[in-house]
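Thanks for making time this morning.

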Amino acid sequence: MLGIPKQLQSLRWYGNWSCFSIGSCVTPFYHHLGEALSKHKPSLETLDLDLRGLDCTRRGHAGNPAAKFDDMIPAAKGKWKDDWHLIGSLKDFTSLKALTIEPQALCGDKLRGLSAQHMVDTLPHSIEELRFTIPLEQPGESRQKQLEENIWMEQVVDLAHGARNKLPRLRKVEILTLSWVCWEKEEDEELWSEVEMACRLAGIVFEVKERKGYMLTPEKFFQEVISTNKPRPGLSTNH
């Protein structure tokens with residue numbers, strides 16, 4: 001589908017998927033999306049991806065980030081990739097201004113593997129706004145385990161420190177937490193303090209927002225700019 005537009009300008013892709021068979025279980029979505037989007041490097045300006053919930057938890061399934069390779073059936077082994085959870089470098093997307101993504105898709109994590117590049121080095125100089133979607137666990141043991149497996153927070157701090165030289169147009173970093181339940185917000189006050197301070201020192205606006213219920217987007221998925229012999233300002237089509 002992503003190969004149809006000639007000049008893809010904006011893409012919003014929200015996943016709503018669950019596994020029902022070991023033979024059809026596929027989750028290397030970020031890897032595949034990175035490959036599919038590569039033809040749109042010169043034109044893509046807005047990229048909004050939310051694939052949370054795609055991880056499978058079943059033994060021996062290719063979509064399970066904790067799966068053991070030896071437990072997989074041959075069909076699942078053929079789908080497995082060490083970097084399926086990474087979108088790859090977006091450095092050459094020279095028009096990209098706004099990006100919404102899980103931070104692990106850029107830097108990796110300790111469970112599925114780390115990216116060979118630091119997050120700041122995967123982004124283009126054109127980027128102006130970053131929004132990171134975080135399916136945050138409730139305070140307690142579950143969240144502690146979640147944070148121990150991830151390196152994204154220190155990577156965002158590193159990104160802010162290096163933004164002046166590497167991402168000179170970056171003006172805003174937003175954390176969008178995703179959850180089903182409510183808890184006392186006072187418990188989260190210290191969670192973002194280091195990121196907030198790093199952004200403040202870099203002159204970058206930092207915000208934390210919340211989305212309840214894991215709702216999917218009601219908006220159109222992508223927009224293509226149409227070139228004509230007699231171009232008219234603002235002509236576009238939605239698919």
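Let me start with a question: does L96 count as buried or exposed? At 0% relative accessibility, L96 counts as buried, where buried means under 20% relative accessible area, exposed over 50% and partly exposed in between, with a 1.4 Å probe and protein chains only. Before I go on, please note that this is a predicted model, in which local features need pLDDT of at least 70 and side-chain atom pairs count only at pLDDT 80 or more, while totals for chains, interfaces and linings use all residues. Residues are numbered from 1 along each chain as its sequence is written, and side-chain values use heavy atoms, with hydrogens and water left out.

L96 is found in the loop between α2 and β3; helices here are DSSP runs of H or I with at least four residues, strands are runs of E with at least two, and both are numbered from the N terminus. The C-alpha atoms of L96 and L47 are separated by 7.6 Å, although the two are 49 residues apart along the chain. K91 has its place in that loop between α2 and β3 too, but at 29% relative accessibility K91 counts as partly exposed.

Now to helix α5, residues 152–166. A straight helix of 15 residues would span 21 Å at 1.5 Å a residue, whereas α5 spans only 18 Å between its end C-alpha atoms, the expected span being 1.5 Å times one less than the number of residues. There is also a kink of about 35 degrees in α5, centred on A160, where the bend is the angle between axes fitted to the seven residues ending there and the seven starting there. The buried residues of α5 include A160 itself, along with W152 and M153.

W152 brings me to the aromatic rings. A search of the whole structure finds 1 aromatic pair, a pair being rings of Phe, Tyr or Trp (its six-membered ring) with centres within 6.5 Å, stacked if the planes are under 30 degrees apart, edge-to-face if over 60 and tilted otherwise. The rings of W152 and W192 have centres 5.9 Å apart and planes at 35 degrees, so the pair is tilted. This pair links distant parts of the chain, with W152 in helix α5 and W192, 40 residues away, in the loop between β7 and α6. Both count as buried, W152 at 3% relative accessibility and W192 at 7%.
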